[in-house]
Amino acid sequence: MLGLLGLVSGHESGVIRGRVFVPANINHSTTTIILHTSTGEELRTFVNAEGAFAFHDVPSGVHLLQPFNLHLVYPEVRLEVNRKGVVSRAALSHNRNMVLNIPLALRPAMEAGYYEKRKPFDVWSFIKSPYGLMIVFSLFAIIVFPRLKMDPEDYKEMQETMKVGGGPGGAAGGGAIGGGQQAPRLRQ
Amino acid sequence: MHVQIFLAIAVFALVAAARFEDQAGAYDWYKQHIGIVSSAQFHPSKPRVCVTTEQSVVACLNLRDGSIAWRKPLQALGAAPSVAYVESLNSLVTASGGYLHAFDLEGGLKWQRKLPTQTAALVAEVQGKATEKVSGAILAVQAGAVQVLDAADASQLSKPHQLKGLAKDNVVTANGYLVAYNTGSKSVLLASAASFVAGDAAAEVAVEAPLGLSASAAGGPAGFAAISDDGSSLCVLQLGGTGDAAFSCQRLDALVPDLSATSPLGRKLIATSAGFVLVGGDAGAAVLAAGDGQLKLLRFFAAATAASAEATVGDDAAVGLVEGPSGDKLRLLVVSVSSGEVLQEEDFPAAALRRAAHGAPLQPSLVALGAFRKKDKSWGVRALVVFRCGLTALLQQGVVVWSRDESLATIGQTLFVDLPANGTALKGDAGAKADINTRIRYQVLGAKVQLKLNTPAEAAELLELRGLLSDKNTPTRDVNGFRKLLLALTGTGALTALHNGDGRVLWSRTFPPDAVPMRLLQWRSYHDITHAPEVLLLREAHPGAYVAAINAHTGEELWKQPLPHGVSRVVPVPAPLIEGSAVQSVYLLVDHTPAPGAVPVVTLLPDTQASQAHFASSQRSPYLFWEGSQPGTLQGFSLEAGAAGAGIAARLAWQVALPDSVLALATRDPTEPIQSSVKVLSDRTIKYKYLNPNLLFVATGLANGAALDGDDSTAVTAHLVDTVTGRVLYSQSHAGARGPVTAVVSENLVLYHFRDVESGRFVACAMELYDATPGREFSVLDYLFNPNSTQPVSSLTPTPIEAVSQSYFSRIVPTGLAVTRTEQGITAKQLLVITNTDQVYALDRRWVDPRRPKKQKLTQDEMEEGLTPYQDTLPFSPLSFATLDKQVLGLRGVAVEPTRLESTCLMFVHGVDLFYTRLAPAKGFDSLEDDFNYALLIAALVALSVGAVVMNYMTKQAQLAWKWK
């Protein structure tokens, strides 16, 4: 592929060539290639319509190549230029075992997402949101609480049946037990 | 693949205040600019005009609406590039900042070459006779070195030439020759451009002019012309003819009698194919024809204020002259260069331009003329007119098609001030009130977007409605202090007040070119709401230095006072002077020339009895310090107040010589609010922050741009210097490191970046400083009830410092650092890193906490302190960019202003572009968000109430039915 692009640099002295790749939906309008030289200088260049770039008159030493596109994230590249002015080694700056071919083919690592994505509508996340919790709690209050409430007449009636039946737990009769006994009656 | 994994690890989702895409534009605005246009060229086939600007931007603008089709910043911002349009290749070749660039007209870079030095260079296409093969050859001339390059691929067409004689102030191309001369000199050097192309030994000819020549000169097919140094004559040199080249000077009062009466300042020459056009500032233009070595006046246009370069209109070669604006008209004349006849004449309404310039005087400085075919096959013209105030407008067929106010691309200093309390001062600016239906619609759309049930059109409508309904654009102050007036001092000499809600201009005041102020400072603010705050403008250059107070709400000048000396720096006195309900800022104006043994002249402003007394009684007097005249030295001065009007006596107190060159200096903002002077660790022990207000951070190392020695033994050393005594309190060294260094000091944290030579990567080093005095006791009860229990700290008896530091690799390459600032300083701070890609990255302070433990599993105590496990690289997440998905081209400054809500601060970023946003470094913990959706809340409540009623009814029915059983 690179050979086809005609970017084979040969042994031009002090020249760093490469090509920046972008996905089809992103253009090169903000693409900038920044080279931090070992002398502490910052060299910049842009790309042509195909994404190709070239630095000329690069001194020897260890340089850092920083490709930039506003919408993409590229890894930084560590370049070693020998005394003849030829790039002797190009590797990712954070992992020098990842050696890159010369001329450089720079591919984005990911798209730069500057905004948080809203998650698609999801019932569970809605329920967990403040609105959802409010609704669930109120529904609970509306539907379940009335059923826990006991009619006073029922209560008397129930106490009487308990006295008559002489159930073992009768003395402890309270709301909780009442509620528990209410449920089977409702099913009638 | 490894890259993805690495980045996935590096990108933490723990981002404090990331925005959703539908919130874009709710708290922020962004304005793209290009700068003050210095040259313009109409696109040969597309409806575009391609320009270069004084801010070193190359751009093409859309002719229909003035929008930016593309733009590229060149290396050195701040100087207009030399530019040549190579017609045969449709490319623009620029020379700027030590580089040559060739762009195609679609924004692609064709090639780039380095020039020998950083100085200004001239680039020109070689104009030769048709028989010579010089098409597409360009000359780059810099400091006497001439390169001949093929514009297509930058291949060298001949060996570079060195011509010492060309290293002169002015180099002009004229009819195949290079003409070089020094301003005011009579000796002129001629060199044939074609001989450079041919690779011949350059034939240089020295010609003596009868008069010294000024910098106003032009060269073209008719030869070379320059106005004499005394402004009396016009000297012409005909080139390319037979015989010896010789100057002939003609007196201007004889040649153009009407022009000579006016001031010779601002005269400009423009070369045409038949002669020259002489523009006399704003006093008319003369179209001159050349023949027989003499110039002849074809016609004088008394009302013309600017002229364009030659353009072809149909079959005629013509220039565009602009007359006016006078009254409500701006007139464009198309004048034949060979006959002086007016070929076309069009009037344009000036009122729209005046409005767009916000009242600044309209003086055209550049005109570019372009021709186009109308529908009836006749030729029409359009003109791009650039006014001195920065307004750029396209005129065509009697209308101002569009205009851009580019003065804001030159903002140098900014200041946030309060808006008026009631709308009296800025009334009439309020937006239209929206009706209730719109509000309901807005809420419904908001709910849909939040639940992701919207269509794209609805999302767009929501954004539009948000702008309409928001009160962020009201020109009065609000309870939370979100709405502010943003004052900006521009390079075009205007003080402009922007509303921070949407960046619109509320008022603007323009100063004449010889009184352009350079500094904008706070002056006087009032606690009562009836007074407008006052700001101070300062012009530093002497003669002409002055200070002036401006009413910040109206732009009215309150007073102006000339200064007897220049000002090289302004030092604010930390505590302002309180005068009744007014808070008066006090400044020290320092006039200092960097010479050995020079003592600075210091005056107090305002220089009154009260301010002198205030200065004398202030708890600690400020100390001046700066880099000495020798590289790597620092000097400190002590100051002593005198009587009113007597100035301040400055005395050299100390001098420090550092081993290397100084790479960065940083001090803490003395007004920075600090909530607590102690840090409580999880084991309830207390550490005392080292908060010496006289702390200076100095980084030294190998000078930027200097080559490394073979042994790579370079190091960056960080020093902490006390500015009272000059004592070096602490220093630490990073072996194998070099600059550039950027640094910021905030509270007890110093953060600085440098470069690691071996890996080539940038390193951020955080240093936290603690007071290590043994036996300090502090209890919460003291803090509450005994404010005098704090121990005084003196620079003269320095306390021991405990410095905890840690270094991290950084993917962000900084060019500057700032820090967020909130009202009380309680909110966790974010460090604002200005990147070399013209963005601002908000880095949470916890990421650079030097105490991050070097293990993955944290103990309960460490988690309680909010520590995160150490990693060698700082996290990089695009969500943390405070500038969001915007690039602020040519970023020069960041201004941060606290609001009255502790959680929130305002940030304004300016360069060629402008960006404003609201920052909440620890999320909005003390307020509901502006776009809190009340509709959803009300809907939920209504649904619940209805549910309750229905359920109540149903329960009753059920009980009744059951009882009947």
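Residues are numbered from 1 along each chain as written, and chains are lettered from A in the order written. Local features need pLDDT of at least 70, side-chain atom pairs need 80 or more, and side-chain values use heavy atoms.

**Exercise 1.** Find which residues of α6(B) are buried (under 20% relative accessible area; exposed is over 50%).

*Solution.* 
1. Locate the helix: α6 of chain B covers residues 456-469.
2. List the buried residues: B:Glu458, B:Leu462, B:Leu465, B:Arg466 and B:Leu469.
3. Find their partner: they pack against α5 (436-450) of chain B.
4. Turn to the face away from the buried side: B:Pro456, B:Ala457 and B:Glu464 are exposed there.

**Exercise 2.** Classify the ring pair A:Phe53 and A:Phe55.

*Solution.* 
1. Apply the rule: Phe, Tyr and Trp (six-membered ring) pair with centres within 6.5 Å; planes under 30 degrees apart are stacked, over 60 edge-to-face, the rest tilted.
2. The centres are 6.1 Å apart and the planes at 70 degrees, so the pair is edge-to-face.
3. Check burial: A:Phe53 has a relative accessible area of 4%, and A:Phe55 has 2%. Both count as buried.

**Exercise 3.** Locate stretches of chain A with pLDDT (the predictor's confidence per residue, 0 to 100) under 50.

*Solution.* 
1. Start with the chain: mean pLDDT is 78.
2. Residues 1-10 stay under 50.
3. Residues 167-188 are also below 50.
4. Where pLDDT is low, predicted coordinates should not be read in detail.

Technical notes: Helix = DSSP H or I, 4+ residues; strand = E, 2+ residues; numbered from the N terminus. Expected span 1.5 Å × (residues − 1). Buried < 20%, exposed > 50% of the residue type's maximum accessible area, 1.4 Å probe, protein only. Contact = heavy atoms within 4.5 Å.
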